[in-house]
Amino acid sequence: MKNNTNQLSSKAQLLNILREKQGENISGTKLANELGVSRVAVWKIVQSLTQAGYSIDTGEAGYSINPKHEKDFLYPWEFSGMEKYFNHYNNTTSTMDRAREAAFRGVESGSVFTAEKQSAGRGRNGRTWVSRQGGLFFTILEKPNLAVADYTLFSLIIQIAAAKSLTSICGKKAALRWPNDVYMDNRKIAGITTEISAEGDLIKWLSAGIGINVNNPAPSAKAACCCEILHRKISRHDVLIKILEEIETMKNKFTSTAAYSQGNRTLAAEWNSLAGCIGARAVVFEPEQKDENSLDKPCKIYSRGIFEGIDPKGRCILKTDDTTLYFDQGVVSLAFLGSF
């Protein structure tokens with residue numbers, strides 16, 4: 001995702017000008033001159049922004065915006081220089097659905113889809129993700145030059161990037177849990193799900209949906225949210241930017257030719273260094289619940305043993321009394337004894 005400040009939309013430019021003046025009035029004539037448009041065009045831009053929820057004061061002296069009344073917006077024009085990559089929905093079924101549609105239309109790799117609300121947010125294997133107001137729900141669409149056999153590479157990168165970002169933002173260590181969760185204070189704060197489309201042995205596109213409890217109420221006692229940990233609300237925009245930047249860093253680090261020559265060992269080692277509960281007794285099971293945010297009794301237990309992290313293929317390593325077992329990121333989940 002490349003930042004191009006020369007391609008700012010008129011909405012982004014106008015907001016930048018108003019925000020620089022910290023609430024001062026700016027005449028329509030001056031805004032028109034700076035934007036290179038007519039005063040009528042300025043008025044239309046202001047009306048459009050007002051309808052989108054911005055608090056812009058209009059008077060004889062001109063236009064102004066009060067920083068104290070600013071909201072936590074995720075509109076494309078809030079991402080200066082990267083607007084063409086962002087797609088925002090006030091209400092949609094799932095950002096994963098919108099990413100899939102866009103993928104078939106041929107949108108650019110690195111496109112991001114955000115939503116205020118999801119009526120059918122998705123977790124792993126079709127389970128639901130509760131999407132409460134104030135949370136950060138987004139999907140990033142990538143077109144990696146990867147073999148289908150290496151699809152877990154990108155999933156691990158996303159998970160690691162989310163954990164590192166949340167650690168930096170919240171000031172507490174975020175821990176990874178196999179196969180797709182991020183925990184903080186031993187409670188779930190984020191979840192990730194992926195979807196791929198392939199042609200032959202190569203991935204055509206891959207989407208990763210990420211749900212993070214930011215300013216929303218925690219959906220259960222077993223969940224955490226950033227605002228609760230920090231005792232204040234934070235910007236979802238800033239959280240999203242931090243994660244996207246970390247993803248780019250991780251991609252550059254682990255998708256190089258040198259990284260491939262070592263298989264995914266270095267990536268697995270990075271994941272294991274951030275994992276929680278390595279060495280603890282665990283259960284690999286197929287969950288019965290439909291709600292990704294709950295932990296009901298499992299309908300089928302595959303094995304119990306000691307969790308020893310993941311291998312270079314992203315598989316869960318479970319050491320039993322008799323042998324060492326490996327589980328793919330399929331329908332199974334992992335829980336530590338005492339967490340049922």
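The model is predicted, so local features need pLDDT of at least 70 and side-chain atom pairs count only at pLDDT 80 or more, while totals for chains, interfaces and linings use all residues. Residues are numbered from 1 along each chain as its sequence is written, and side-chain values use heavy atoms, with hydrogens and water left out.

I will start with the helices. Two packed helices are described by the angle between their axes and the distance between the axes. Here the axes of helix α1, residues 10–20, and helix α3, residues 39–51, come within 10 Å and cross at roughly 85 degrees. Axes are lines fitted to C-alpha atoms, for helices over the stretch in contact, with angles running from 0 to 180 degrees between N-to-C directions. Helices (H or I, at least four residues) and strands (E, at least two) are DSSP runs, numbered from the N terminus.

Which residues of α1 and α3 make the contact? On α1 they are Ser10, Lys11, Leu14 and Leu15, and on α3 they are Val42, Ile45, Val46, Ser48 and Leu49. Contact means heavy atoms within 4.5 Å.

Next, salt bridges. A salt bridge is a side-chain nitrogen of Lys or Arg within 4 Å of a carboxyl oxygen of Asp or Glu. By this rule the count comes to 17.

One of them joins Glu70 and Arg19, at 2.6 Å from N to O. Glu70 sits in the loop between β2 (62–65) and β3 (86–92), and Arg19 in helix α1, 51 residues apart. Glu70 is partly exposed at 27% relative accessible area, and Arg19 is partly exposed at 24%. For these terms, buried is under 20%, exposed is over 50%, and partly exposed is in between, with a 1.4 Å probe and protein chains only.

Another salt bridge pairs Asp72 with Arg236, at 3.0 Å. Asp72 lies in the loop between β2 and β3 and Arg236 in helix α7, residues 236–254, so the pair ties together parts that are 164 residues apart in sequence. Asp72 is partly exposed at 22%, whereas Arg236 is buried at 4%.

The last pair is Glu248 and Lys251, at 3.1 Å. Both lie in helix α7, three residues apart, about one turn of the helix. Is Lys251 buried or exposed? At 18% relative accessibility, Lys251 counts as buried.
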